[in-house]
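Hi everyone, thanks for coming.

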Amino acid sequence: AVSLVPLAMPFFMLPKHLGHPHPEFSLGETAIVLCVVVGGARLALIQGRKQHTAEALQHVLGSRGLLAGITLFLVSASFATLFAWDRHLALAACRLVIVEPIAYAILVICLVRDSWSMLRTLAALVASGLCVAAIGLGQYLFNPSSLVGYAVGAGQHAHLVAAVYGSPDNLALLLDRALPVAVVLGLAWHTGVSRSIRGMRHAYYPVFLAISLLAMVLILTGSRGGMITAAAVSLTVVLLWYRRSPLSRPLAYLGLLLVLAGTAAVLWKFHHGLSTVTRTYVWQSALQMLRDHPLWGIGPDNFLAYYFNPVTGIDHVHAQAVSCLPPGVRVAPTHYMLAQAWPEPCLSHPHNVVLDLWLSTGLFGLIGMGISLVAVSHRARALLRVRSSMAQQAVTVSCIAIIVATLAHGLIDNSIFVPDIAVAFWLALALLVGQYAYLRRCSYPPTCYHEGQLDRGK
C-alpha cells in the first residue's frame, strides 16, 4: 500500500467533501493517513516491529546533518505557519505539502526496505504520470473544449492540455519527473533486469510506449520549463547509467548538442504568453516580501494574499476588476504586485524554489532544506561510486533524477509545495537515504560492504 501511494497523488484537486462546513480530503491525503494509521498500529502491536523500525530510523537518520536539516525545516515551517496572515490557509497547506509528505517519507524508510520494493514505488510514480497523461491525451482528442487557452498574440490562442489539474504547468511538473524515471526503468530492463523476472522478457517495449506517451503529452502542455527539464534530466540519467562505459564521453557531447538544439527549438516554437517577463515581476515582488518578512517569511500558501492588489489587478482589456482570492480569504494589509504585472494578477507562488522556501518556511526552513540536500547528495555520491546491483543502480539514478528535476524546474516554477510533487520529492530523499542504510547493513546478497567502505566509495 505504501509503495502505491504515488498513484493517488495527482488527484488532489478532486477532493471528497464531508459534512459542514465542507471539510475536504483528497485521495492522496486519505491514502497517506490510512497508511500511517495501519503502519503505526502494526509497529505497535506486532512483536519485534518496534526494534526493527528503530534500527531503520537509526541507520537512516544517523547522520547529524540530515537529522538537523529536517528538524530545522519542520520547526521553521511550524513557526512560519503560526505567524502567517491567513493561518487557516497556512495550516491546511502545511498539512498537505509538508507534514504529510514527510510522514510518507518516514513510512517509506520503515517499510520499503529492499531494492525491488523501491523500484515498485518508483514504477507507481511513473504510472501516476501515465494515468494523467492518458487523461490529458483523451482531453486533447475527444474533448478539445476543455483545453486551457493562453493568448499568444492579437486574436491568437494556444490550447493546452491540463488533464486533472487547473493549469498545464502543473501537469508538466509531474511529467518532467515521471519521464526521466521511466527512462531509467527502460534502461534497466533493456540491459538485463527484465530477464531475471519471469514473464517480463519483453517489458522494454511497454516502457518505450510509456516514455513516448509521457513525452507527447508533455509537449501538449506547452510548458517550456517542463520540456527542457525533462530533456536535460533524461540526458543526465543516461550518462549516469553508462558512466563506466567508454562511450560515456561521446554520449555526453552528443547529448549536450541535442539538448541545446532542443532548447532553442522549444524557446522558438513555444512562446505563448508573457511568462518570462511576468516571472521577473513576481521575483521582484517576492524580494520585496522578503525585505519586510526576512525571518519567518509569510507562511505556506499565503503568497497570493500578499501579492494580489485589488486596485492594480484590473483586466484592462475588458475593463473589469479581477478577484483572485478564494471566498473567505482576507487581503493582506500590504500589496506587493507591481503595476506592470496586471495581465497575471493571480499568481499563488513566487516561481522560484529558493524564494518559495524562504517565504513559505522562513529563513531557517531554507537553511534546513539546504543542509538536508547536502547530506543527501553525499549519500547519492557514495551510492554512485559503489559497484551495486542493477536494481540498486536504477533506484539511485531515478532518485537523483527526481531531485534534480525538482530543483531545476523549481528555479522558474513551483517546486515542493504541491501535494503530488512534494510526495515525489520526499520519496526520492527517503529512497536514497534508505538504500544507503540498506547497503551499509550488508543485507543485500550476494554483495556485502564492510563498515566505512561505502563512505570511501569503494
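This is a predicted model: local features need pLDDT of at least 70, side-chain atom pairs count only at pLDDT 80 or more; totals for chains, interfaces and linings use all residues.

Residues are numbered from 1 along each chain as its sequence is written, and side-chain values use heavy atoms, with hydrogens and water left out.

So, how many salt bridges are there? The count is five, taking a salt bridge as a side-chain nitrogen of Lys or Arg within 4 Å of a carboxyl oxygen of Asp or Glu.

Please find Arg-95, which pairs with Glu-100 at 3.6 Å, N to O. Glu-100 is buried at 9% relative accessible area, while Arg-95 is partly exposed at 32%. Here buried means under 20% relative accessible area, exposed over 50%, and partly exposed in between, with a 1.4 Å probe and protein chains only. Glu-29 joins these two in a network of salt bridges.

Next, Asp-413 and Arg-279 form a salt bridge at 3.7 Å, N to O. This pair links distant parts of the chain, 134 residues apart: Asp-413 sits in the loop between helix H13 (390-409) and helix H14 (419-440), and Arg-279 in helix H10 (residues 275-292). Helices are DSSP runs of H or I, at least four residues, numbered from the N terminus. Asp-413 is buried at 5%, and Arg-279 is buried too, at 15%.

Arg-177 has a salt bridge with Asp-176 at 2.7 Å, N to O, and both residues are buried.

Now, which side chain of opposite charge is nearest to Asp-356? That is Arg-177, 10 Å away, and Asp-356 is buried yet has no salt bridge; for charge, Lys and Arg count as positive and Asp and Glu as negative, with His and the chain ends not counted. You'll find Asp-356 in helix H12 (residues 353-385).

On to helix H5 (residues 115-142), which holds Gln-139. Gln-139 is buried, at 10% relative accessible area. Beyond four places in sequence, its contacts (heavy atoms within 4.5 Å) include Pro-144, Leu-147 and Val-161.

Last, look at Leu-82 in helix H3 (residues 64-82). Leu-82 is partly exposed at 44%.

Key: Helices (H or I, at least four residues) and strands (E, at least two) are DSSP runs, numbered from the N terminus.
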